[in-house]
Amino acid sequence: MYEDKTLICKDCGAEFVFTAGEQEFYAEKGFTNEPQRCKACRDARKSARNDANGGRREMFDAVCAECGKPCKVPFQPREDRPVYCSECFANRR
């Protein structure tokens with residue numbers, strides 16, 4: 001069904017192969033755009049993002065909506081959505 005495609009990296013201009021397996025994976029995930037960067041350039045961008053914030057995610061203080069304990073979460077909490085500590089979040093699954 002899918003065939004390997006040769007694409008051009010928009011950062012370095014190198015050719016890279018978008019394999020049939022990768023295309024199938026993209027289709028399963030509902031992705032509609034083809035990759036625009038080769039693996040080396042994708043890895044470099046990811047590394048640069050990690051270096052920009054010290055390799056760590058920014059964590060935000062919150063209060064668990066279920067047990068009331070203070071906790072830290074990797075996203076900015078909003079007033080209209082409940083936030084759960086790790087333990088309560090795991091129990092809800």
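Me: Which residue stands opposite lysine 72 in E4?
Reply: Aspartate 61 stands opposite lysine 72, where strands (E, at least two residues) and helices (H or I, at least four) are DSSP runs numbered from the N terminus. This is a predicted model, in which local features need pLDDT of at least 70 and side-chain atom pairs count only at pLDDT 80 or more, while totals for chains, interfaces and linings use all residues. Residues are numbered from 1 along each chain as its sequence is written, and side-chain values use heavy atoms, with hydrogens and water left out.

Me: In which sense do E3 and E4 pair, and over how many bridges?
Reply: Strand E3, residues 60-63, pairs with E4 in the antiparallel sense over four bridges; two strands count as paired if DSSP finds at least two bridges between them. Their hairpin has six residues between the strands, and glycine 68 there takes a positive phi near 85°.

Me: What do the side chains of aspartate 61 and lysine 72 do?
Reply: They meet in a salt bridge at 2.6 Å, N to O, the term being used for a side-chain nitrogen of Lys or Arg within 4 Å of a carboxyl oxygen of Asp or Glu. The pair links strand E3 to strand E4 across 11 residues of chain. Both aspartate 61 and lysine 72 are exposed, on a scale where buried means under 20% relative accessible area, exposed over 50% and partly exposed in between (1.4 Å probe, protein chains only).

Me: Switching topic, how many salt bridges does the structure hold?
Reply: The structure holds six. Among them, lysine 5 and glutamate 34 meet at 2.5 Å, N to O, a pair 29 residues apart that links strand E1 to the loop between H1 and H2. Another joins arginine 78 to aspartate 80, with the closest N and O atoms 2.9 Å apart.

Me: Is glutamine 23 buried or exposed?
Reply: Glutamine 23, which is found in helix H1 (residues 20-29), is buried, with a relative accessible area of 8%. Its C-alpha atom is separated by 8.1 Å from that of glutamate 34, 11 residues apart along the chain.

Me: Last one: what is the bridge partner of leucine 7 in E2?
Reply: The partner is phenylalanine 16, and E1 (residues 5-8) and E2 (residues 15-18) run antiparallel, joined by four bridges.
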